[in-house]
Amino acid sequence: MTPSNSLPRSSPFVRLAQAFTALAIFASLAACETPPSQAPVGLTDLTERPAERALMGAMRAYDDADYPAVERQANEAMKLGLRSNRDVATAHKLRAFVYCTSNRLAACEAEFRAARAADPAFVLSRAEAGHPVWGPVYLKSRQ
């Protein structure tokens, strides 16, 4: 029997089991820890990049139906080096739209192909693909 003021001594097996339990708990907690992540890129960060700023200018020009400016800004964006493959595809898409509206159908088709080469996930929206001018050229470019 042990004296009342001391704790009973554990067997080596109990201590080993406790150590493994503590190790398992520690490993579980460490696995749950999320690695530090970078802050997401914001719009103001993008507007500081010349290529992305030019692409945004091309998109605004497209909304304003200023097709010469679309072509000029999209060309500038590509020349300056867009960082995202999706942005490169968007620049090609905008140029394709301009080329189709100015009856440069071979160039339009080439731009759709270039958009898909830049971003294999590139597709036109349902409304864009149904457009009477570039819709058929887009479908042809997918063959």
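**View A. At 13% relative accessibility, Glu109 counts as buried.** Here, "buried" means under 20% relative accessible area, "exposed" means over 50%, and "partly exposed" is anything in between (1.4 Å probe, protein chains only). This is a predicted model, so local features need a pLDDT of at least 70 and side-chain atom pairs count only at pLDDT 80 or more, while totals for chains, interfaces and linings use all residues. Residues are numbered from 1 along each chain as its sequence is written, and side-chain values use heavy atoms, with hydrogens and water left out. Now look at Arg113: its side chain meets that of Glu109 in a salt bridge, at 2.6 Å from N to O. (A salt bridge is a side-chain nitrogen of Lys or Arg within 4 Å of a carboxyl oxygen of Asp or Glu.) The two residues sit 4 residues apart in helix α6, so about one helical turn separates them. Arg113 has 36% relative accessibility, so it counts as partly exposed. Salt bridges with shared partners join Glu109, Arg113 and Lys140 into one network.

**View B. Here's the whole protein: 8 helices and 0 strands.** Helices (H or I, at least four residues) and strands (E, at least two) are DSSP runs, numbered from the N terminus. Read from the N terminus on, the elements go α-α-α-α-α-α-α-α. Of the 143 residues, 29% are buried. The accessible surface comes to about 10000 Å², and 59% of that belongs to carbon and sulfur atoms; the areas come from the Shrake-Rupley method with a 1.4 Å probe, and for residues only the protein chains shown count as cover. Next up are contacts, meaning heavy atoms within 4.5 Å. Among contacts between residues at least 6 apart in sequence, 51% join residues at least 24 apart.

**View C. Lys93 and Glu128 meet side chain to side chain in a salt bridge, 2.9 Å from N to O.** This pair links distant parts of the chain: Lys93 is in helix α5 (residues 85-101), Glu128 is in helix α7, and they are 35 residues apart. With a relative accessible area of 16%, Lys93 is buried. In total, the protein has 6 salt bridges by the same rule.

**View D. Zoom in on Glu111 and Arg95, a salt bridge whose closest N and O atoms are 3.1 Å apart.** Glu111 belongs to helix α6 and Arg95 to helix α5, so the pair ties together parts that are 16 residues apart in sequence. Both Glu111 and Arg95 are buried. His92 is part of helix α5 too. At 10% relative accessibility, His92 counts as buried. Neighbours within four places in sequence aside, His92 is in contact with Met78, Glu111, Ala114 and Ala115. His92 and Glu71 are 21 residues apart in sequence, and their C-alpha atoms are 9.6 Å apart in space.

**View E. Arg116 is buried, yet it has no salt bridge.** You'll find Arg116 in helix α6 (residues 105-118). For charges, Lys and Arg count as positive and Asp and Glu as negative, while His and the chain ends are not counted. The nearest side chain of opposite charge to Arg116 is Glu109, 7.5 Å away. A polar atom of the Arg116 side chain does lie 2.5 Å from the backbone oxygen of Ser141. Leaving out residues up to four places away in sequence, Arg116 touches Phe122, Tyr138, Ser141 and Arg142.

**View F. Asp119 is another buried residue with no salt bridge.** Asp119 sits in the loop between α6 and α7 (126-129). Its nearest side chain of opposite charge is Arg86, 5.2 Å away. If you skip residues up to four places away in sequence, Asp119 touches Asn85, Arg86 and Ala89.

**View G. Follow helix α3, residues 50-63, from end to end.** The expected span of a helix is 1.5 Å times one less than its number of residues. For the 14 residues of α3 that gives 20 Å, and the end C-alpha atoms are 20 Å apart, which agrees. The buried residues in α3 are Ala51, Glu52, Ala54, Leu55, Gly57, Ala58 and Ala61. Ala51 has 3% relative accessibility. Setting aside neighbours within four places in sequence, Ala51 is in contact with Ala77, Leu80, Gly81 and Leu82. The C-alpha atoms of Ala51 and Met78 are 6.9 Å apart, though these residues are 27 residues apart along the chain. Just after α3, Ala65 takes a positive phi of about 60°.

Notes
A polar contact is a pair of N or O atoms within 3.5 Å; within protein, one must be able to donate a hydrogen and the other to accept it, and residues adjacent in sequence count only if both atoms are side-chain atoms.
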